[in-house]
Amino acid sequence: MYSMLVLLGLTALLGASEGRTDCYGSVNRINTPGASCKTAKSEGLSYCGAKASEKIAERDLGAMNQYKTLIKKVGEKLCVEPAVIAGIISRESHAGKILKNGWGDNGNGFGLMQVDKKSHTPEGRWNSETHLTQGTNILIMMIKTIQGKFRRWTRDQQLKGGISAYNAGANNVRSYDKMDIGTTHDDYSNDVVARAQYYKKHGY
């Protein structure tokens, strides 16, 4: 009986930490203006901002849902919000819709998360758990670099900085307000966070 109680206690303890996705902050606590007009225009939209990010994320939702189980599995394994992974996937590859044989960016970016072959050796199939794990680990490495660089930022601010660094590198992040200057269309983290907030509302 005693050993059974100990076992139950251990199970409860393990269960409490299992499946966590908030080790690096949460997108819902981040204020973001959303997509720049340049990004919105490239998507054929006549309006900009968070509304544009949400519309783009909505267009990608059907394709994204094919990978929802995998995205959630990787997020829970690495303690990163699945919504953040989905936001990056939407921004990088429109959930795979714009890739040719798994490649984008003129053959330099691999997979759903567009791992840059010039900086990393791509792992796994382009839409596999192995690929998502690699991409998310690159994101975590960026977040940790930002944590070391800006120790006084909140975890949520460091998360946003890590998302920006995923696109343009940690050296490009010099201040919180201007972290996206130098990223693609100067809005990478603002757009990804807004898309991630949309995916959060849709079960990611």
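This report describes the disulfides of a predicted model.

A disulfide is a covalent bond between the sulfur atoms of two cysteines. In this structure the count comes to two disulfides.

The link of Cys23 and Cys79 is right-handed, with 80° about the S-S bond. This pair connects distant parts of the chain, 56 residues apart. Cys23 lies in the loop between helix 1 (2-17) and helix 2 (37-42), whereas Cys79 lies in the loop between helix 4 (68-78) and helix 5 (82-93). Cys79 has a relative accessible area of 9% and is therefore buried, while Cys23, at 29%, counts as partly exposed.

The other disulfide is formed by Cys37 and Cys48, whose sulfur atoms are 1.9 Å apart. The torsion about the S-S bond of Cys37 and Cys48 is about 100°, so this disulfide is right-handed. Here too the pair links distant parts of the chain, with Cys37 in helix 2 and Cys48 in the loop between helix 2 and helix 3 (50-64), 11 residues apart. Cys37 counts as partly exposed, at 48% relative accessibility. Cys48 is also partly exposed, with a relative accessible area of 30%.

| Cysteine | Relative accessible area | Class |
|---|---|---|
| Cys23 | 29% | partly exposed |
| Cys37 | 48% | partly exposed |
| Cys48 | 30% | partly exposed |
| Cys79 | 9% | buried |

Note on methods. Residues numbered from 1 in each chain as written. Predicted model: local features only at pLDDT ≥ 70, side-chain atom pairs only at ≥ 80, totals over all residues. Heavy atoms only, no water. Disulfide = S-S within 2.5 Å. Helix = DSSP H or I, 4+ residues; strand = E, 2+ residues; numbered from the N terminus. Buried < 20%, exposed > 50% of the residue type's maximum accessible area, 1.4 Å probe, protein only.
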